[in-house]
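Hello,

Here is the structure I promised to pass on. Please look it over, then read my notes below.

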Amino acid sequence: MIFKRLAVIAVVSGGAIMAGAGGQAVMPDGRPTPTGLEVPRWITLKSSQVRARQGPGLDYEILWEYRAANLPVQVIAETREWRKICDPDGAVAWIHRTVASGRRSVFNPSPEPLAVHSGRSEGSGVRARLQPRSIVSLDECEDGWCRVRARKLNGWVQASRVIGSQDRALCDAARPAGPGRLLAAR
């Protein structure tokens, strides 16, 4: 996995929590979520050293360590203390709730820089370029575009070109923890 070796620096703040439909948030198997928050939902890793485990507990094997603070990961199942996540590479693992934040960010999975536009259209000016495998803060998404921010710079990127804005689950919650590739999901 690239995230074991990658140290990405980004400024991440702001964010939103998705509300459950009908007031009762449920997991993919139909059970209510322990937190009352919707699953799937996006969170970020708080630190540049987060252990990914085989299961929801300290007695489970450590599969790898994430080395990318603010990396967007998708919660696909949860217990009261643990989150089963899908990362941008399509790997599934369990992390403790204390190493995650409700702040939102997006990740450029492309090997090419991604244009950050001044408005929500391809025709608007380009303010900056989001480098490959980089992370920036996410403010909001609308009409297929996401407003992102890094330090004093803000602008819009196409939602379909970044990971961290999707509403659907990117990994199957029933899949056991372990490495995977997300190439077909985008």
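**The cores**

In this predicted model, the largest nonpolar core holds 20 residues. Ile43, Leu45, Tyr66, Leu71 and Ile95 have the most contacts inside it. (A nonpolar core is a set of buried Ala, Val, Leu, Ile, Met, Phe, Trp, Tyr and Cys residues joined through side-chain atoms within 4.5 Å; buried means under 20% relative accessible area with a 1.4 Å probe, protein chains only; contact means heavy atoms within 4.5 Å.) Two or more residues each come from β1 (41-45), β2 (50-53), β3 (62-66), β4 (72-78) and β6. Strand β4 gives the largest share, three residues. Another core lies apart from this one and has twelve residues, including Leu114, Val116, Leu138 and Cys146.

**The chain**

The protein chain has 13 strands and zero helices. (Both are DSSP runs numbered from the N terminus: strands are E, at least two residues; helices are H or I, at least four.) Of its 186 residues, 47% count as buried. Among contacts between residues at least 6 apart in sequence, 59% join residues at least 24 apart.

**Confidence**

Mean pLDDT (the predictor's confidence in each residue, from 0 to 100) is 86 for the protein chain, and 84% of the residues score at least 70. Residues 1-22 fall below 50. That stretch still has 59 contacts beyond near neighbours in sequence. Where pLDDT is low, the predicted coordinates should not be read in detail.

Residues are numbered from 1 along each chain as its sequence is written, and side-chain values use heavy atoms, without hydrogens and water. Local features need pLDDT of at least 70, side-chain atom pairs count only at pLDDT 80 or more, and totals for chains, interfaces and linings use all residues.

Best wishes

Terms used:
Buried means under 20% relative accessible area, exposed over 50%, partly exposed in between (1.4 Å probe, protein chains only).
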